[in-house]
Amino acid sequence: MTAGTYDCIVVGTGIVGAACAASFAKDGIRVALIDCLGAGLLATAAGMGHIVVMDDSPAQFLLTRYSQKLWLSLADNLPPTAEFRNCGTLWVAADNEERSEIERKHALYKDHDVPTRILSRSELAVLEPELRPELEGALLVQSDAVLYAPIAAQCLTQAAVAKGAHIFDGEVISIGQGTVTLRDGRIIQSQRIVNAAGERSPELTPGIPVKKRKGHLAITDRYPGFLNHQIVELGYLKSAHSVSLDSVAFNVQPRLTGQVLIGSSRQFDTTSEVDHAILGRMLARAVEYMPGLASCSIIRTWTGHRAATPDKLPLIGPWPGDETIFLATGHEGLGITTSLGTAELLSAYFNGHTTEIPIEPYLPARLGEVVHA
Amino acid sequence: MPNLVKMTIDGAEVNVQAGATVAAAILITRSGFRRSVQGELRGPVCGMGICFECRATVDGQPQLRTCQRLCENGMVVNTDE
């Protein structure tokens, strides 16, 4: 392979890598897409597949909203197997403090033209009768959706190939100085190498501030009609987003099969075994909110790792440690949602175009001094 | 004459011997259990709670393993919900 064949090599075949390849190819960038370390889908396969607008910070809100609009415009082109469903998110309030969070969120979303609806206790009980009756209402974000991310990633890869992207059958073992080295000894060169390897990205680019944040999920047998929306507790903001402690939050998702996907947990833990203590806490939390879950059968539990950054924003753009390395990683729990926005931002950056939102809040250089390995 | 319990399976009233499992009651009254996602008929394979193939709705509670439950008077069983 000669240097200059590709304008860009994307390393990582999860949804972020696939989205990057699709955007780059669409925008006329000659791109190759290669798996990292034989890792496959990682969080793309392990996660919930929730397309959600979040507002932990203004930058997070902008990227999730921008990305959600991209998903909504892509939705009609996804096959039925991608299970895209506009079920909306219900943010439920358990007390008055969380109730005021509903008002704040409603006003913020309204300012940005995201339609939401405030639901009283009784309106909530009609929409989701399995929720415990004493809740203080909810905020319905209708534009949120769910999908089956592995198939969505596959569709993005196919879209990339249709626009001329080249998929490499191989495993990348190292990147740097314009060179990508595969396990079988092949070398590919390009002046732009995108590290989209998620939780594995620090193995390829030592020093990037990405840590594995473990999560657990459980899925039930089929109970059609049990649940109609993705439901997340507003306590999530207080507990799950603390950056240090282990935490659990009530977060359930209806699948098209009638199965209920139950989350969530957060731990800084690099092991992949199911931790029964935190799984138990997670399920107890779910039963607190939806008592009927206690008599549902769970057919599978598993774990995955989110690629977490210190400020809960992804790393998108040039890596100050090597002028040929660009990052598209660190999406933590929002990689499915923000994959499309990430890809558009990076593609526009390469082509010198402007985008609807600025790339600056996500540039790796924001985190200061590079720690060289 | 053994003790009989009266129950309803898919709308039909049936009398089965006390002490029988619900799976056995379904087997003697019907040709199949639930259907798979692809529409195939399923039936009790292991009879000991491992295979989950004999699931049915019992007294409104879905997805129960009928091989692990004994028949009771007045029980209502639906195999394909």
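## Val210(A) and its surroundings

Setting aside neighbours within four places in sequence, Val210(A) is in contact (heavy atoms within 4.5 Å) with Gly198(A), Ser201(A), Pro202(A), Ala307(A), Ala308(A), Thr309(A), Leu315(A), Thr329(A) and Gly330(A). Val210(A) sits in the loop between helix H7 (201-204) and strand E12 (211-222) of chain A. Helices (H or I, at least four residues) and strands (E, at least two) are DSSP runs here, numbered from the N terminus. With a relative accessibility of 9%, Val210(A) counts as buried; buried means under 20% relative accessible area, exposed over 50%, and partly exposed in between (1.4 Å probe, protein chains only).

A quick word on ground rules. This is a predicted model, where local features need pLDDT of at least 70 and side-chain atom pairs count only at pLDDT 80 or more, while totals for chains, interfaces and linings use all residues. Residues are numbered from 1 along each chain as its sequence is written, chains are lettered from A and ligands numbered from 1 in the order in which they are written, and side-chain values use heavy atoms, with hydrogens and water left out.

## Chain A overall

Chain A has ten helices and 18 strands. Along the principal axes, the C-alpha atoms of chain A fill a box of roughly 65 × 40 × 40 Å.

Of the 373 residues in chain A, 56% count as buried. As for contacts in chain A with a separation of 6 or more, 75% come from residues 24 or more positions apart.

Gln267(A) belongs to strand E15 (residues 259-268) of chain A and, at 4% relative accessibility, counts as buried. Its side chain makes a polar contact of 3.0 Å with the side chain of Asp275(A). For the record, a polar contact is a pair of N or O atoms within 3.5 Å; within protein, one must be able to donate a hydrogen and the other to accept it, and residues adjacent in sequence count only if both atoms are side-chain atoms. Not counting residues up to four places away in sequence, Gln267(A) touches Lys212(A), Arg213(A), Lys214(A), His216(A), Asp246(A), Asp275(A) and Ile278(A).

Ser264(A) is also placed in strand E15 of chain A. A cis peptide bond links Gly263(A) to Ser264(A), with omega at about -5°.

## Positive phi in two loops

Glu83(A) isn't a glycine, yet has a positive phi of about 50°. Glu83(A) lies in the loop between helix H3 (58-74) and strand E4 (89-92) of chain A, and is partly exposed at 21% relative accessibility.

Asp113(A) is another non-glycine residue with positive phi, near 60°. Asp113(A) is in the loop between helix H4 (96-111) and strand E5 (116-119) of chain A and is exposed, with a relative accessible area of 64%.

## Salt bridges

Over all chains, the whole structure has 27 salt bridges, each a side-chain nitrogen of Lys or Arg within 4 Å of a carboxyl oxygen of Asp or Glu. In one of them, the side chains of Asp55(A) and Arg104(A) meet at 3.0 Å, N to O. Asp55(A) lies in the loop between strand E3 (50-51) and H3 of chain A and Arg104(A) in helix H4, so the pair ties together parts that are 49 residues apart in sequence. Asp55(A) is buried at 9%, whereas Arg104(A) is partly exposed at 39%.

Glu288(A) and Arg285(A) form a salt bridge too (3.2 Å, N to O). Both lie in helix H9 (residues 276-289) of chain A, three residues apart, about one turn of the helix. Salt bridges with shared partners also join Asp55(A), Glu101(A), Arg104(A) and Lys105(A) into one network.

## Where chain B meets chain A

Seven residues from chain B and five residues from chain A make up the contact. In chain B, Val37(B), Gln61(B) and Gln63(B) lose the most area to chain A, together 59% of what that side buries. The two chains bury about 570 Å² between them, 39% of it on carbon and sulfur atoms; buried area is the accessible area (1.4 Å probe) that two parts lose on being put together, summed over both.

The count between the chains is one salt bridge, and the side chains of Asp221(A) and Arg55(B) meet in a salt bridge at 2.2 Å, N to O. Strand E4 (residues 61-65) of chain B gives the most to the side of chain B that touches chain A, with three residues.
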